[in-house]
Structures are given as C-alpha cells and as structure tokens.
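Keep the viewer open as you read.

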Amino acid sequence: MRIDVLTLFPEMLAGPFDHSIIGRARAAGVLEIAIHNPRDYTADKHHIVDDYAYGGGPGMVMKPEPFFDCIDAVRAMAEPPGRVVLLTPQGRLLNHQVVAELAREPRLIVVCGHYEGVDERVREFLVDDEISIGDYVLSGGEPAAIVLVDTVARHQPGVLGSEASLEEESHAQGLLEYPQYTRPAEYRGMAVPDILLSGHHAEIAKWRRRQSILRTARRRPDLLAHADLTPAERRLIEEADAADVDDDPA
Ligand code: 4H7
C-alpha cells in the first residue's frame with residue numbers, strides 16, 4: 001500500500017513515520033509513505049497557502065490552488081490515482097471497521113488541514129472521504145494523520161506477529177482487552193491473580209475471556225451490541241449485573 005500525506009508541516013510527521021509499527025511496515029516493504037508540502041506547489045513569490053475568508057470573519061482559510069496542484073503532481077508519481085482522505089472534525093468517525101476498509105485500498109492520499117480549515121471546493125471536488133479520529137478539535141490534521149497511518153499499517157499483512165494479530169482479532173470481535181501482568185508475581189503487596197500462575201491454559205483462556213466480557217460490559221456497554229457472544233456469555237453479564245459483581249476498579 002502507498003500513502004501520500006499532504007502537510008504544511010512535514011517536520012511534524014518525520015519522526016512518527018520512522019519508528020515502531022509504521023517504521024516496521026515501511027521496512028517490511030508493505031507500506032510506502034511519501035510526504036508532500038502543498039507550499040512547494042505554489043507559484044507566487046511568497047508561497048502563500050492561506051487567505052481571508054470570503055464573507056468575513058476571523059481566521060484564515062487554506063487556498064484551493066496549492067492542494068489541487070499538489071495532488072495533480074502526486075497522482076502523476078504513482079498508480080493508481082488513490083482515494084483522497086481529508087482528516088476533519090466533520091468526518092465520519094474512525095473505528096475498526098473504517099480502518100479495515102481503508103487498509104484494503106492500494107493507495108491513499110491523506111490531506112492535513114490547518115488554520116480555520118480548507119476552501120470548500122477542496123472538500124467538494126478533490127476529497128473522496130472525510131474522516132475524524134474523535135470528537136475534539138486539533139490545531140492541524142497531522143496528529144490525526146499519524147493515528148490513521150498507524151492503524152492502517154497494523155492491518156497490512158506481515159506487520160504484526162502471529163500472536164499480536166490474534167489480539168487484533170479480539171478487538172475486531174468488539175471486546176476490550178483482558179488485564180495483563182508480568183513479573184514479579186508480587187510487587188509492593190500487589191499480587192498477580194493465582195490463575196495466571198497456575199499453568200492451566202484452558203482455565204486461563206476462560207478467565208481472560210470472562211475479564212474481557214465483564215470489563216467491556218462495565219466500561220463500554222455500547223460495544224456489546226455488536227460483540228460475538230454466546231448465550232451463556234450474555235447470561236454471565238446479566239448475572240454480574242444482578243450480583244453487582246465488580247472486580248474492576250474502573
Ligand atoms: C480540516 C478542517 C481533524 C482539518 C478544519 C483535524 C480535528 C480532527 C482541520 C480543521 C482537525 C479530528 C483547523 C478546524 C484548526 C479547527 C482550529 C484540522 N481537528 N481545523 N481549527 N477530530 N483540525 O479528526
């Protein structure tokens with residue numbers, strides 16, 4: 001997969017795309033990332049990318065020409081043309097399903113906005129998809145682009161090890177993760193649950209599944225509507241509700 005990112009602040013993306021999951025995906029050759037600055041595609045002496053809003057009001061708006069010219073040039077660099085994604089508070093919310101959908105594309109062109117936003121003609125005639133990473137405002141689209149590229153990179157074949165991909169699958173099932181412990185078995189009087197030290201793998205798997213389900217019921221009951229649970233597991237939640245079972249401090 002190839003991702004082209006358009007940003008007025010390429011320095012904000014240099015580090016994050018060179019390390020961890022994204023760095024590994026690039027090194028494995030399953031993800032190609034190229035960063036472009038629309039300012040480099042301006043023709044005027046001062047390389048102006050923003051201007052006052054028609055109709056007045058505070059703040060500047062990003063001009064359309066640098067985006068159209070930049071994307072024309074970027075599209076000519078590789079095939080296929082690629083879906084243009086604008087990261088914006090007005091987009092559809094990013095979740096596991098949206099990530100899986102975007103991860104199947106052979107090419108994405110990701111646009112980071114700044115100032116008060118982008119000229120509406122960019123949205124209407126250049127952008128194919130508008131995505132939001134959550135209901136809050138960022139000063140620019142770059143942190144959202146890092147989130148999008150990271151999650152999409154995790155979905156590329158060969159990026160995660162076999163164990164980690166099972167974990168991913170568990171999230172795809174719509175449940176939160178079970179509690180994790182490592183050594184020491186006791187720390188400052190805080191003990192690791194006995195079951196995890198028992199060596200009974202089937203019992204450990206049952207305990208983890210139960211923890212995932214009860215934790216999801218308590219913290220994110222909205223996720224349970226789409227979770228893949230057996231009738232017995234649904235009853236477990238009802239019983240826990242009735243008994244007010246609460247082994248989760250959160
Ligand atoms: C496009 C249009 C994404 C991009 C406007 C981007 C939140 C998210 C941006 C704006 C983003 C998200 C520019 C409007 C800065 C607000 C102060 C960049 N914010 N901004 N203004 N939730 N900001 O995914």
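Bear in mind that this is a predicted model. Start where H2 and H6 cross: the crossing is left-handed. Helix H2 covers residues 20-27 and helix H6 residues 142-154, and they pack with their axes 9 Å apart at an angle of about 55 degrees. That angle makes H2 oblique to H6. On the H2 side you'll find Ile 21, Ile 22 and Ala 25, which meet Ile 146, Val 149, Asp 150, Ala 153 and Arg 154 of H6. Sorted by class, this contact has six nonpolar residues, two charged ones and no polar ones.

H6 has another partner to look at. Helix H4, residues 96-103, comes within 9 Å of H6, axis to axis, and the two cross at roughly 75 degrees. So here the arrangement is roughly perpendicular. Val 99, Leu 102 and Ala 103 of H4 make the contact with Leu 148, Thr 151 and Val 152 of H6. By class, that gives five nonpolar residues, one polar and no charged.

Is Thr 7 buried or exposed? Its relative accessible area is 0%, so it counts as buried, the cut-off being under 20%. Leaving out residues up to four places away in sequence, Thr 7 touches Leu 13, Ile 35, His 36, Asn 37, Pro 38, Cys 112 and Glu 142. A polar atom of the Thr 7 side chain also lies 2.8 Å from the backbone nitrogen of Phe 9.

On to the backbone. Most residues other than glycine have a negative phi, and most peptide bonds are trans. With that in mind, check the bond from Glu 79 to Pro 80: it is cis, with omega near -15 degrees. Pro 80 sits in the loop between helix H3 (64-75) and strand S5 (83-93). Arg 183 and Pro 184 are also joined by a cis peptide bond, with omega about 5 degrees. Pro 184 belongs to the loop between helix H7 (162-172) and strand S8 (186-187).

As for phi, Ser 20 is not a glycine, yet its phi is positive, about 50 degrees. Ser 20 is in helix H2, and its relative accessible area of 57% makes it exposed. His 47 likewise has a positive phi, near 50 degrees. You'll find His 47 in the loop between strand S2 (32-36) and strand S3 (50-52), where it counts as partly exposed at 38% relative accessibility.

Technical notes: Residues are numbered from 1 along each chain as its sequence is written. This is a predicted model: local features need pLDDT of at least 70, side-chain atom pairs count only at pLDDT 80 or more; totals for chains, interfaces and linings use all residues. Side-chain values use heavy atoms; hydrogens and water are left out. Buried means under 20% relative accessible area, exposed over 50%, partly exposed in between (1.4 Å probe, protein chains only). A polar contact is a pair of N or O atoms within 3.5 Å; within protein, one must be able to donate a hydrogen and the other to accept it, and residues adjacent in sequence count only if both atoms are side-chain atoms. Contact means heavy atoms within 4.5 Å. Axes are lines fitted to C-alpha atoms, for helices over the stretch in contact, and angles run from 0 to 180 degrees between N-to-C directions. Helices (H or I, at least four residues) and strands (E, at least two) are DSSP runs, numbered from the N terminus. Angles under 35 degrees count as roughly parallel, over 145 as roughly antiparallel, 65 to 115 as roughly perpendicular and the rest as oblique. A crossing is left-handed if the near helix is turned anticlockwise from the far one by less than a right angle, and right-handed if clockwise. Ala, Val, Leu, Ile, Met, Phe, Trp, Tyr, Cys and Pro count as nonpolar, Asp, Glu, Lys and Arg as charged, and the others, Gly among them, as polar.
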